[in-house]
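Please look through the sequence and the model below before reading on.

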Amino acid sequence: MSFKELLNNGTVYFDGGMGTLLQKRGLLPGECPERWNITHKNDVIAIHKAYYDAGSNVVTTNTFGANILKFSQNDLSQIIKAAIENADTARKQSENKGEKLIALDIGPTGRLLKPLGDLDFENAFCNHVDWNPLWAKPYVVDADAGLVARIGQSDMVKGNTISAIGFYG
């Protein structure tokens with residue numbers, strides 16, 4: 001079932017926080033949670049599985065802070081690939097018989113746009129196009145949906161929207 005079909009069928013239940021649960025499992029202050037997709041994959045899988053087992057229809061990948069401003073292109077590719085694999089493993093292991101989808105979590109760049117910060121819109125837009133795994137061709141992945149999450153500046157939302165329209169037409 002596609003995400004759109006799931007929405008048309010009624011209520012959709014998403015998972016909850018990932019970061020706080022990673023902290024309970026030992027994530028240290030300042031440590032990159034996205035790297036846990038590789039270094040602590042069993043913890044990430046267990047969290048996703050618990051959400052599915054509790055009735056979530058959609059889990060969001062552990063990729064909130066994964067972007068090209070934070071990681072090298074090679075590291076970013078590995079992190080995103082591992083994140084999707086972790087969510088898919090949890091989906092397959094879950095005892096919940098309901099529909100189970102994966103949403104790629106797309107968070108902010110971690111930097112502020114001018115005049116509040118040092119990042120201009122053109123650079124932020126190019127970075128979103130280059131790293132955004134849902135519509136940047138090098139990172140197209142097998143997620144069922146994307147979740148553009150907690151982006152506080154309207155220009156960043158605008159950049160994501162323009163990127164998506166440019167890729168999907």
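Among the contacts in the protein chain that join residues at least 6 apart in sequence, 74% link residues at least 24 apart, where contact means heavy atoms within 4.5 Å. This is a predicted model, in which local features need pLDDT of at least 70 and side-chain atom pairs count only at pLDDT 80 or more, while totals for chains, interfaces and linings use all residues. Residues are numbered from 1 along each chain as its sequence is written, and side-chain values use heavy atoms, with hydrogens and water left out.

The secondary structure of the protein chain comprises seven helices and three strands, both taken as DSSP runs numbered from the N terminus, with helices (H or I) having at least four residues and strands (E) at least two. Of the 169 residues in the protein chain, 41% are buried, a term for under 20% relative accessible area, with exposed meaning over 50% and partly exposed lying in between (1.4 Å probe, protein chains only). The chain exposes about 8,900 Å², and carbon and sulfur atoms supply 53% of that area, as computed by the Shrake-Rupley method with a 1.4 Å probe.

How do two of the helices meet? Helix H4 (residues 41–53) and helix H5 (residues 73–93) pack with their axes 8 Å apart and at an angle of about 50°, and H4 and H5 are therefore oblique to each other. Angles under 35 degrees count as roughly parallel, over 145 as roughly antiparallel, 65 to 115 as roughly perpendicular, and the rest as oblique. On the side of H4, the contact is made by Lys-41, Val-44, Ile-45, His-48, Lys-49 and Tyr-52, and on the side of H5 by Asn-86, Ala-87, Thr-89, Ala-90, Arg-91 and Gln-93. Sorted by class, the contact of H4 with H5 has five nonpolar, four polar and three charged residues.

Helix H4 also holds Ala-46, which counts as partly exposed because its relative accessibility is 29%. The C-alpha atom of Ala-46 is separated by 9.7 Å from that of Ser-94, although the two residues are 48 apart along the chain. Gly-19, in turn, has its place in helix H2 (residues 19–24), and its relative accessibility of 35% is why Gly-19 counts as partly exposed. Between the C-alpha atoms of Gly-19 and Phe-64, which are 45 residues apart along the chain, the separation is 9.4 Å.

Definitions and conventions. Axes fitted to C-alpha atoms, helices over the stretch in contact; angles between N-to-C directions. Nonpolar A, V, L, I, M, F, W, Y, C, P; charged D, E, K, R; others polar.
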